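Biologist: Can you walk me through this one? I'd like the fold first, then the details.

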Amino acid sequence: MPDSTRPKSVLPATQVHMEGFAQVREARRSELVEDYVELIADLIADGREARQVDIASRLGVAQPTVAKALKRLVKEGWAIQRPYRGVFLTPAGEQLARDVRARHQTVERFLLALGVDADSARRDAEGIEHHVSEATLTAFEAFLAKAVPHA
């Protein structure tokens with residue numbers, strides 16, 4: 001096909017394309033850790049111990065899956081496990097949980113401000129929170145400050 005009749009490419013520049021895929025892969029790698037530390041923090045804040053059985057129930061996974069994930073959290077320094085007790089977060093795990101919770105709340109408030117119903121906003125924020133960049137999160141916060149000044 002001659003160059004003059006060939007449609008213009010819709011692909012972004014190679015570097016931009018690569019960076020986008022790299023960001024998604026990194027978000028997927030950290031998503032599991034973030035979900036676990038956020039849930040552990042929530043269970044503890046609710047006045048309970050974060051027990052393996054409760055984590056499995058809330059995440060809808062089997063206990064062996066939770067056991068494997070908790071070993072990873074301990075190995076990476078996010079959590080500690082005590083025999084015959086629940087799971088506890090390290091200071092680094094507590095900070096990660098706060099950061100994830102803040103991202104989640106910002107995304108959820110943004111979706112609500114757009115008119116998304118509360119149930120959908122809560123569910124969608126659960127996935128988006130792991131993939132949103134700092135630049136996009138900052139834009140969400142700026143939008144919320146203008147659109148919903150009291151939020």
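Modeller: The protein has six helices and two strands. Keep in mind that this is a predicted model.

Biologist: In what pattern do they follow along the sequence?

Modeller: The pattern is α-α-α-β-β-α-α-α.

Biologist: What percentage of the residues counts as buried?

Modeller: Of the 151 residues, 29% count as buried. The protein exposes about 9,900 Å². Carbon and sulfur atoms supply 57% of that area.

Biologist: And the contacts? What share joins residues at least 24 apart?

Modeller: It is 55%, among contacts between residues at least 6 apart in sequence.

Biologist: Let's go inside. How many residues does the largest nonpolar core have?

Modeller: It has 19 residues. Those with the most contacts inside it are Y36, V37, I40, I55, L70, L73 and V87. Two or more residues come from each of α1 (14-45), α2 (52-59), α3 (63-75), β2 (87-89) and α4 (91-113).

Biologist: Which element gives the most to this core?

Modeller: That is α1, with six residues.

Biologist: Why would such side chains be found together?

Modeller: In soluble globular proteins, nonpolar side chains tend to be buried together.

Biologist: Take Y36. What is in contact with it, leaving aside neighbours within four places in sequence?

Modeller: Y36 is in contact with I55, L59, V61, T65, V66, A69, L70 and L73.

Biologist: A67 next. Where does it lie?

Modeller: A67 lies in helix α3.

Biologist: Is A67 buried or partly exposed?

Modeller: A67 counts as partly exposed, because its relative accessibility is 24% and the cut-off for buried is under 20%.

Biologist: How far apart in space are A67 and I55?

Modeller: They are 9.8 Å apart, C-alpha to C-alpha. In sequence, 12 residues separate A67 and I55.

Biologist: New topic: E129. Where is it found?

Modeller: E129 is in the loop between α5 (118-128) and α6 (134-147). E129 is buried and has no salt bridge.

Biologist: What is the nearest side chain of opposite charge?

Modeller: It's R103, at 5.7 Å.

Biologist: Then which side chain makes a polar contact with E129?

Modeller: H104 does, at 2.3 Å. Leaving aside neighbours within four places in sequence, E129 is in contact with D35, E38, V100, R103, H104 and V107.

Biologist: What about T90? Where does it lie?

Modeller: T90 lies in the loop between β2 and α4. T90 is buried, with a relative accessible area of 15%.

Biologist: Which backbone oxygen does the T90 side chain reach?

Modeller: The one of G77, at 2.6 Å. Not counting residues up to four places away in sequence, T90 touches G77, W78, A79 and I80.

Biologist: Now charges. How many salt bridges are there?

Modeller: The count comes to nine. One of them joins D46 and R48, with the closest N and O atoms 2.9 Å apart. D46 is partly exposed, with a relative accessible area of 47%. R48 is partly exposed as well, with 38%.

Biologist: Which residue meets R51 in a salt bridge?

Modeller: D54, at 2.9 Å from N to O. R51 is partly exposed, with a relative accessible area of 42%. D54 is buried, with 17%.

Biologist: And D119? What does its side chain meet?

Modeller: The side chain of R122, in a salt bridge of 2.6 Å, N to O. D119 and R122 are three residues apart in helix α5, so about one helical turn separates them. D119 counts as partly exposed, at 37% relative accessibility. R122 is partly exposed too, with a relative accessible area of 41%.

Biologist: Last one. Which residues are linked in a network of salt bridges?

Modeller: E38, D42 and R101 are linked that way. E38 is also among the contacts of E129.

Conventions: Residues numbered from 1 in each chain as written. Predicted model: local features only at pLDDT ≥ 70, side-chain atom pairs only at ≥ 80, totals over all residues. Heavy atoms only, no water. Core = buried A, V, L, I, M, F, W, Y, C linked by side-chain atoms within 4.5 Å. Buried < 20%, exposed > 50% of the residue type's maximum accessible area, 1.4 Å probe, protein only. Helix = DSSP H or I, 4+ residues; strand = E, 2+ residues; numbered from the N terminus. Contact = heavy atoms within 4.5 Å. Lys, Arg positive; Asp, Glu negative; His and termini not counted. Salt bridge = Lys/Arg side-chain N within 4 Å of Asp/Glu carboxyl O. Polar contact = N/O pair within 3.5 Å; in protein donor to acceptor, adjacent residues only side chain to side chain. Areas by Shrake-Rupley, 256 points an atom, 1.4 Å probe, with all protein chains shown as cover.
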